Amino acid sequence: RAKERRGNNYFVYSGESEPQKLKDITLETKLYDALRLEQLQLYYQPKIDIQTGKMVGMEALLRWIDSELGFIPPDRFIPFAEETGLIIPIGEWVLERACLDVKSWNDLFDLDLRVAVNLSPIQLALPNIIETIENTLRNTNVNPSFVEIEITEMSMVDFNESLVDKLAQIRAMGIAISIDDFGTGYSSLSYLKNLPVDALKVDRSFVMEIGLSETGSNMVGAIIRLAHAMNLEVVAEGVEREEELVYLRACGCELAQGYYFSKPLPANEFFKYVMNQ
Ligand code: C2E
Ligand code: MG
Ligand code: MG
Ligand code: MG
């Protein structure tokens, strides 16, 4: 499928067969119903300060479990939601749910956890995205410093002043911004230098090479030094092994998330995780 950007609109050219189109329509209906009937769920994965071992926040990760189709991975339905535009109402729901959850946990346990929400490039391109975020902050009454937004390098495909401006406005609200999956996408260093962001997330594909080859480890060390040179915090994604953690800590990496600490958990289980901190 070819996709073309024009202004803020996505045009999808589908050279699809009729049966495929029918399948897509069924999927679109199902996904829309899931949103409408509150059948989408947020899971939370802790973000750990690896120098102190304490949890500082969590990432909200969307889950869709359909009664007929079963578990549909986000890597499949998010791109689909982006093509159909469903990502817009879904994304609004995700932000609101995450704000409500973090507020209730922080209030209840007297904590200052920060929730990270993934923002699709489609959402970021919307002219009213700033308004939407402001409204959500207001309606949920959450402290903006308890909210963080993760954008991927895909958001920089059409890097322009308006993007920089929007990020600056989001940050001015008190929300932190991080670059997700760093090193796998479209960001050039000259873009990165000019982006008003706070943190960089080292993609799991780099983290998993730690200790497997000298080059693998060195690359991660170099990415961390690069981030620090730009005054950015570093979050390591997908930490699974002790050896990765030890190396990341030695490199001065601030935060990490991964199965080594915890898998993403449904809200009720994450609640217990927070309680036992
Ligand atoms: P991401 O934002 O880079 O999220 C990290 C992914 O790595 C998650 O996959 C998480 O479950 C997985 N992960 C975390 N630790 C480990 C580990 O130690 N080992 C392995 N193998 N995997 C680990 P998930 O939940 O399947 O999400 C995939 C992607 O879907 C996310 O990548 C994000 O780009 C997107 N996504 C998820 N939820 C949302 C959402 O609410 N909105 C948008 N726009 N995108 C979302
Ligand atoms: Mg993310
Ligand atoms: Mg990521
Ligand atoms: Mg990733």
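What follows is a set of questions and answers on a predicted model.

Me: Which residues coordinate the magnesium ion (ligand 2)?
Reply: Donors are counted as N, O or S atoms within 2.8 Å of the metal, and the protein atoms that coordinate this ion lie at 2.0 to 2.2 Å. Along the chain, the donors follow the spacing E-x58-N-x31-E-x29-D. The residues that coordinate the magnesium ion (ligand 2) are Glu 59, Asn 118, Glu 150 and Asp 180.

Me: How many residues apart in sequence are the parts that Glu 150 and Asp 180 tie together?
Reply: Both residues coordinate the magnesium ion (ligand 2). Glu 150 lies in strand E7 (residues 147–152), while Asp 180 belongs to strand E8 (residues 176–182), so this pair ties together parts of the chain whose separation in sequence is 30 residues.

Me: Is Glu 150 buried or exposed, and what is its relative accessible area?
Reply: A residue counts as buried when its relative accessible area is under 20%. Asp 180 is buried by that cut-off, with a value of 5%. Glu 150 is buried too, and its relative accessible area is 1%.

Me: Which residue coordinates both the magnesium ion (ligand 3) and the magnesium ion (ligand 2)?
Reply: The protein donors of the magnesium ion (ligand 3) are Asp 180, Asp 181 and Glu 237, which lie 1.6 to 2.3 Å from the ion, and in sequence they are spaced D-D-x55-E. The two magnesium ions are 3.8 Å apart, and the residue that coordinates both is Asp 180.

Me: Which element supplies the largest share of the shell around ligand 1?
Reply: The ligand is surrounded by 21 residues, which divide into 8 nonpolar, 5 polar and 8 charged. At least two residues of this shell come from each of E4, H2 and E8. The largest share, 4 residues, is supplied by E4.

Me: What is the phi of Asp 181?
Reply: Most residues other than glycine have a negative phi. Asp 181, which is placed in strand E8, is partly exposed, with a relative accessible area of 25%. Although Asp 181 is not a glycine, its phi is positive, at about 50°.

Me: What is the relative accessible area of Asp 110?
Reply: Asp 110 lies in the loop between H3 and strand E6 (114–118), and this residue has a positive phi of about 55° although it is not a glycine. The cut-off for exposed is over 50%. Asp 110 is exposed, with a relative accessible area of 69%.

Methods:
Residues are numbered from 1 along each chain as its sequence is written. Chains are lettered from A and ligands numbered from 1 in the order in which they are written. This is a predicted model: local features need pLDDT of at least 70, side-chain atom pairs count only at pLDDT 80 or more; totals for chains, interfaces and linings use all residues. Side-chain values use heavy atoms; hydrogens and water are left out. Donors are N, O and S atoms within 2.8 Å of the metal (3.2 Å for Na, K and Ca); water is not among the atoms, so sites may look incomplete. Buried means under 20% relative accessible area, exposed over 50%, partly exposed in between (1.4 Å probe, protein chains only). A residue is near a molecule or strand if one of its heavy atoms lies within 4 Å of it. Ala, Val, Leu, Ile, Met, Phe, Trp, Tyr, Cys and Pro count as nonpolar, Asp, Glu, Lys and Arg as charged, and the others, Gly among them, as polar.
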